[in-house]
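I opened this notebook to record what I looked up in one structure. The entries are kept in the order in which I wrote them.

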Amino acid sequence: MDKGQLITDVLPVELFFTLQDNWKYCGWHLDNKSYEGDSICWGLGKNYRNDNLSWFKAATIIKLKCQKYIKRPIQLTRIHVNGQTRGQYTSFHVDNGDEKNIWSFILFTESNWDVQWGGEFVCKNPVRNNYEYFTYTPNAGVLIPSYWEHYGQSPNQTTDKLRTTVAFMYQESSSLQKRIDNNDYLDRIKLFL
């Protein structure tokens, strides 16, 4: 990939709202970080059941859409949920070192969002040597290689709403199978939240 890929209308509307309903009743907790150096943001906490089939249905739909751009078979390796309110700034970070066969898809999960509230997704594109900015749009998301530096801007002072995202990470199937066969990095492969 030579640029971040915006994908709109990612999930069927019913599934998009089902994901929100799943975490509505578990409660958000101020105990999450996207990157070790960041300030604490909102997460779903330890009591959240992450084996709900709707997560895997969403991951499968997203996987098929991402494969159109990656043009190789991929497998889900991790799902990470994040929430930010105004003033909760995050730093540029990478999701997985410098490996070229892992991708992150960041889904914008708030159903009611005004672009004037901020919350843009920013990535540093090392191929084109520039920064790419993506407006936070409900049920849209951005596909990038996981080694690209990126961050989500917190909402600005015009709102007190929570900006939520779900990052789905995928690895090229053949390289994931090699890792499994070699018992290499199995502790880093997280199939759940």
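The entries below go from the chain as a whole to single residues.

**Entry 1: ground rules**

I note that this is a predicted model, in which local features need pLDDT of at least 70 and side-chain atom pairs count only at pLDDT 80 or more, while totals for chains, interfaces and linings use all residues. Residues are numbered from 1 along each chain as its sequence is written, and side-chain values use heavy atoms, with hydrogens and water left out.

**Entry 2: the whole chain**

Helices (H or I, at least four residues) and strands (E, at least two) are DSSP runs, numbered from the N terminus. Along the sequence the pattern reads β-α-β-β-α-β-β-β-β-β-β-β-α.

I then looked up burial, where buried means under 20% relative accessible area, exposed over 50%, and partly exposed in between (1.4 Å probe, protein chains only). Of the 193 residues in the protein chain, 48% are buried. For contacts (heavy atoms within 4.5 Å), I considered those in the protein chain with a separation of 6 or more: 80% of them join residues 24 or more positions apart.

**Entry 3: helix α2**

I followed α2, which has 18 residues. From its first C-alpha to its last α2 reaches 25 Å, close to the 26 Å expected at 1.5 Å a residue; the expected span is 1.5 Å times one less than the number of residues. Its buried residues are Ser54, Trp55, Ala58, Ala59, Ile62, Lys63, Cys66 and Ile70. After α2 comes Lys71, with a positive phi near 65°.

**Entry 4: the nonpolar cores**

A nonpolar core is a set of buried Ala, Val, Leu, Ile, Met, Phe, Trp, Tyr and Cys residues joined through side-chain atoms within 4.5 Å. I asked which residues of the largest nonpolar core touch the most other members. They are Leu11, Ile62, Phe105 and Phe168, in a core of 23 residues. At least two residues each come from α1 (13–24), α2, β4, β5 (102–108) and β10, and α2 gives the most, with 6 residues.

Leaving out residues up to four places away in sequence, I listed the residues that Phe168 touches, among them Trp55, Ile62, Leu76, Trp103 and Phe105. A second, separate core has 13 residues, including Phe121, Tyr136, Ala140 and Ile144.

I also checked Leu107, which is found in strand β5. Leu107 counts as buried because its relative accessibility is 0%. Beyond its neighbours within four places in sequence, Leu107 is in contact with residues including Val10, Leu11, Ile62, Ala140 and Phe168.

**Entry 5: a sheet of three strands**

I traced an open sheet of 3 strands with the order β7-β6-β9 and antiparallel pairing. Two strands pair if DSSP finds at least two bridges between them. The edge strands, each pairing on one side only, are β7 (130–134) and β9 (149–152).

Strand β6 (residues 121–125) is joined to β7 by 5 bridges. Phe121 stands opposite Phe134 in β7, and Asn125 stands opposite Asn130 in β7. These two strands form a hairpin with 4 residues between them, and in the turn Asn129 has a positive phi of about 55°.

**Entry 6: salt bridges**

How many salt bridges are there? I count 2 salt bridges, taking a side-chain nitrogen of Lys or Arg within 4 Å of a carboxyl oxygen of Asp or Glu.

One joins Arg128 and Asp2 at 3.2 Å, N to O. Arg128 lies in the loop between β6 and β7, and Asp2 lies in the segment before β1 (5–7), 126 residues apart. Arg128 is partly exposed at 44% relative accessibility, and Asp2 is partly exposed at 41%.

The other joins Glu172 and Arg72, whose closest N and O atoms are 3.2 Å apart. Glu172 is in strand β10 (residues 163–172) and Arg72 in the loop between α2 (53–70) and β4 (74–84), 100 residues apart. Glu172 is buried at 18% relative accessibility, whereas Arg72 is partly exposed at 36%.
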